[in-house]
Amino acid sequence: QTGTGKTAAFALPLLQKLLPLANSSTSPAKHPVRALILTPTRELAIQVEESVKAYAKHTQLRSLVVFGGVDIKTQTPHLKTGIEVLVATPGRLLDHIEQKTLQLNQVQFLVLDEADRMLDMGFMPDLRRILALLPKQRQNLMFSATFSNEIKKLADEFLTKPKLIEVARSNATNDNVTQKVYEVAQSDKEALLIQLLKAENASQVIIFTKTKITASRLSRSLVREGIAADAIHGDKTQQERIKALDAFKAGTVTALVATDVAARGLDISELPMVINYEIPSAPEDYVHRIGRTGRAGALGVAISFVSPEEDKYIVEIEKLIKRQIPKETVALEKPSTKARSSSHKESSYKTNAAQDASATKRMPPKKKSSDPWFDKPYEASTSKTNAKVAAKPILTNKAPVAALLGGLRPNKYFK
């Protein structure tokens with residue numbers, strides 16, 4: 001289940017086991033990587049390392065996070081000083097291994113956080129390469145809020161006789177989250193979102209979309225309506241993503257429009273509301289999205305905008321979470337931009353049609369032509385004319401002409 005403290009569940013015992021090996025030596029050899037934590041996204045990696053650093057504040061254990069999207073040279077000096085706990089995304093970890101700035105031959109603990117998302121993002125080849133570099137004698141832990149058949153296969157492949165620990169029923173949503181479905185046409189979603197944000201006077205809300213383009217476009221529309229908004233998705237640089245997330249946590253940005261990159265593991269303190277602007281095609285993603293609110297016992301609201309085309313996705317989601325989501329219909333105070341433009345086109349079309357009709361009525365009657373030749377009906381040509389045409393001699397005897405391919409060119413030597 002989301003918001004149940006999985007990070008603390010593996011970080012605290014891990015640090016406790018490493019405490020006997022903590023030391024104050026300045027030699028990097030005395031601080032090898034003993035615990036490796038892999039996460040699918042950069043934001044989650046940063047958050048996990050911040051938690052580890054906070055838990056280990058009064059110890060001599062060192063931690064570091066490495067991820068892509070930033071210059072690898074800025075991370076290398078920190079690695080060379082030696083660290084016991086390394087939090088990383090798989091791609092950047094392999095980059096450091098290839099550059100020989102990192103060794104994993106003393107790792108005792110491996111943690112795969114949000115393991116199902118790693119499968120979705122295609123990290124399996126990278127995971128196999130990383131596992132081949134680790135000592136065979138180690139402890140493996142896998143964490144995920146959703147537990148699919150693919151995760152079970154992954155556990156059977158990577159773990160040895162694992163023990164399964166479930167905080168709640170598999171794929172369950174948090175009871176502290178009030179879930180609602182608003183049935184609305186796709187063209188009216190933007191107008192409904194603006195109306196809802198202004199009516200609720202929401203201090204913080206995450207709005208989830210399926211695509212990066214929609215996230216960027218929607219955030220710009222909200223800003224034009226006077227709502228402090230920003231977008232976070234894969235096309236933004238890491239610095240832009242960190243800046244948007246920090247502004248949202250600080251409260252300077254009230255609406256954060258995000259793709260599913262922000263749906264995994266991010267912990268926003270007392271986030272009151274989550275809105276699914278577009279319904280995810282994978283039902284497990286719905287569980288992770290609404291899990292950003294109602295965390296650590298707090299109350300939350302999750303609203304989903306469902307168009308008629310997305311009804312099939314809601315059916316799959318209700319099957320997964322084993323509960324019905326109440327459906328509501330909301331009246332729009334003003335039509336969407338698309339609706340206004342279409343009504344404007346329709347009214348202008350009617351106006352033009354009326355003007356054309358009135359112009360037709362006022363048009364004077366057509367005068368008869370004064371030239372009788374133009375008014376006479378069509379007459380077929382006579383046989384005499386055809387005979388004259390047929391009687392024309394056809395020239396068939398032509399003088400033979402010799403020519404090279406490509407045509408003749410004038411030459412003073414040949415005439």
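This is a chat about a predicted protein model and some of its details.

Colleague: Before we dig in, what should I know about how the numbers were made?

Modeller: This is a predicted model, where local features need pLDDT of at least 70, side-chain atom pairs count only at pLDDT 80 or more, and totals for chains, interfaces and linings use all residues. Residues are numbered from 1 along each chain as its sequence is written, and side-chain values use heavy atoms, with hydrogens and water left out.

Colleague: What does the protein average for pLDDT?

Modeller: The average is 80, and 75% of the residues score at least 70. pLDDT is the predictor's confidence in each residue, from 0 to 100.

Colleague: Where is the pLDDT below 50?

Modeller: Residues 336-347 are one such stretch, with six contacts in the model beyond near neighbours in sequence. Contact means heavy atoms within 4.5 Å. Residues 383-390 are also below 50, and that stretch has one contact beyond near neighbours. Where pLDDT is low, the predicted coordinates should not be read in detail.

Colleague: OK, new topic. How many helices and strands does the protein have?

Modeller: There are 15 helices and 12 strands. Those are DSSP runs numbered from the N terminus: helices are H or I with at least four residues, strands are E with at least two.

Colleague: And what order do the strands take in the open sheet?

Modeller: Seven strands run in the order 8-9-7-10-11-6-12, with parallel pairing. Two strands pair if DSSP finds at least two bridges between them. At the edges are strand 8 and strand 12 (327-328), each pairing on one side only.

Colleague: Which residue is the bridge partner of alanine 231?

Modeller: That's valine 257, in strand 9. Strand 8 (residues 229-232) and strand 9 (residues 255-258) pair in the parallel sense over four bridges. Between them the chain passes through helix 10 (residues 238-250), and this β-α-β crossover is right-handed. Right-handed here means that, with the strands pointing away from the viewer, the path from the first strand over the helix to the second runs clockwise.

Colleague: What about isoleucine 207, which partner does that one have?

Modeller: Isoleucine 275 in strand 10. Strand 7 (residues 205-208) pairs with strand 10 (residues 273-276), also parallel and over four bridges.

Colleague: Switching to rings: how many aromatic pairs does the structure hold?

Modeller: Three. Rings of Phe, Tyr and Trp (its six-membered ring) pair if their centres lie within 6.5 Å; planes under 30 degrees apart count as stacked, over 60 as edge-to-face and the rest as tilted.

Colleague: Why is the pair of phenylalanine 10 and phenylalanine 143 called tilted?

Modeller: Their planes are at 45°, so the pair is tilted, and the centres are 5.0 Å apart. The pair links distant parts of the chain, 133 residues apart: phenylalanine 10 is in helix 1 (residues 6-18) and phenylalanine 143 in strand 5 (residues 139-143).

Colleague: Is phenylalanine 10 buried or exposed?

Modeller: Buried, with a relative accessible area of 3%. Phenylalanine 143 counts as buried at 16%. Buried means under 20% relative accessible area, exposed over 50%, and partly exposed in between (1.4 Å probe, protein chains only).

Colleague: Which residues form one aromatic cluster?

Modeller: Tyr182, Tyr277 and Phe305. The charged end of lysine 189 sits over the ring of tyrosine 277, 6.0 Å from its centre. For that label, NZ of Lys or CZ of Arg must be within 6 Å of the ring centre and within 35 degrees of the ring normal.
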